[in-house]
Amino acid sequence: MNLLSPQNKSLILFFLFAAIAVVAGLILAIIAIAFFPITIVLFIIVKYTPVRHIFTKVYHKIYDYLFYQSEKPRKLLWGFIYDFMCAYFPLNKWRSLNYGYALLNENGRILNNLDEQQEEERFCLQLYHMVATNCLKLKDLQGKRVLEVGSGRGGGLYYIHSSLKPESCVGVDYSQNQVDFCKTTYGINQKLSFQQGDAENLTSLKIQTFDLIINVESSHCYGNFQKFVQEVTELLSTGGLFVITDFRAIQDIKQFEQDLQSTGLKLETKEDITINVLQALKLDEKRKQQWMTRHCGIIFRSFFSKFSGVQSSRIFQELSERKTLYLIYALRKV
Ligand SMILES: C[S@@+](CC[C@H](N)C(=O)[O-])C[C@H]1O[C@@H](n2cnc3c(N)ncnc32)[C@H](O)[C@@H]1O
């Protein structure tokens, strides 16, 4: 048994962080007890007066900086989180990691031919279907070589491979654990393969060029988004398409669009799908809540409710208030 396998490494790292957090918590608790009356007054001020808004604001600023704006910390954090989640939750049934897409009717369906496993993650797969066909006005992907950057646990790319029948599909993800998960879950063959790699350094993988490069809810994790667009442009064949979907705070969208077009890719379509993503989140709420009750202890419940997009989460609120938008862009290399 390899004790230092990528899987074990991320678990060890997590428990190390957790131990440091427990020690820090204990130290704070001792300080709080030592200064008992002051602690109570401070607690009441922070919890029940307008000062709490300042604390929330500062907390959100630090959080946004770390997870969405910084270069190195952001990359490190997301890299660690996905690697750890895969080691801690190796559940074979959990194959997609995006917020999903639904039509604005009662059941939100656009796909009718899903098997039992895929039905579980219907809305996540519908987002892939949108990315790969609808916005390109294509019925299938016959003859196309497809690359997905940030392929996660592979459910989306497997859907594209099995339902839209492209010539080949390659998935690249930063998380070695997720790549191993994909290899075990879907097997490897000439038509579908997965490898570890960094979105900001794709050309070093020495892979072929592609007719379609897709990127689903992954780009917000990258430290240097412009570098990613440069790499994609290198790997696209002439006439090839790059389709990207992700969320961005409204104030970051202008820069995001400038970066997307900074290497000369020609913008073909842009669609705001925020309302469809919200619909998917609403229709998927029950499944996610059940999943969290079944698989997450108290510690992970709060972490997952933050990122899973359930209705109490900040991301759900911000999408509802249109402070954050969820967009799809298709760009062509001319
Ligand atoms: C929200 S998940 C989406 C996964 C998948 N596209 C899906 O929809 O199921 C984001 C993914 O981006 C990957 N990722 C983050 N930073 C990356 C990087 N620098 N290079 C490649 N993949 C990265 C993560 O490991 C994770 O799998």
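Predicted model: local features only at pLDDT ≥ 70, side-chain atom pairs only at ≥ 80, totals over all residues.
Reader: How far apart are the end C-alpha atoms of residues 142-261?
Author: Residues 142-261 are 33% helix and 31% strand, going by DSSP runs (helices H or I, at least four residues; strands E, at least two). From one end C-alpha atom of this span to the other, the distance is 27 Å.

Reader: Which residues come nearest the ligand?
Author: There are 21 residues around the ligand, each with a heavy atom within 4 Å. Those that come nearest are Leu97, Gly150, Asp173, Gln178 and Ser218.

Reader: Which residue has a backbone N or O atom 2.8 Å from a nitrogen atom of the ligand?
Author: Let's go through some polar contacts (N or O pairs within 3.5 Å). Asparagine 98 has a side-chain N or O atom 2.9 Å from a ligand oxygen, and a polar side-chain atom of glutamine 178 sits 2.7 Å from a ligand oxygen. The backbone atom you asked about, 2.8 Å from a ligand nitrogen, belongs to alanine 199.

Reader: What is the volume of the largest pocket?
Author: A pocket is an open set of 1 Å grid points where a 1.4 Å probe fits, with protein on both sides within 12 Å along at least five of seven lines. Its volume is the space filled by probe spheres on those points. For the largest pocket, that comes to about 1,000 Å³.

Reader: Which element gives the most to the lining of the largest pocket?
Author: Its lining has 35 residues (an atom within 4 Å of a point), with Asp64, Tyr68, Gln69, Ala249 and Asp252 nearest the centre. Elements giving two or more residues include α9 (225-235), β5 (236-249) and α3 (51-69). With ten residues, the one that gives the most is α3.

Reader: Which residues lie nearest the centre of the second largest pocket?
Author: The second largest pocket holds about 610 Å³ of space. At least two lining residues each come from α1 (6-34), α3, α4 (72-88) and α12. Of the 17 residues lining this pocket, the ones nearest its centre are Phe14, Leu77, Phe80, Ile81 and Phe303.

Methods:
Residues numbered from 1 in each chain as written. Heavy atoms only, no water. Polar contact = N/O pair within 3.5 Å; in protein donor to acceptor, adjacent residues only side chain to side chain.
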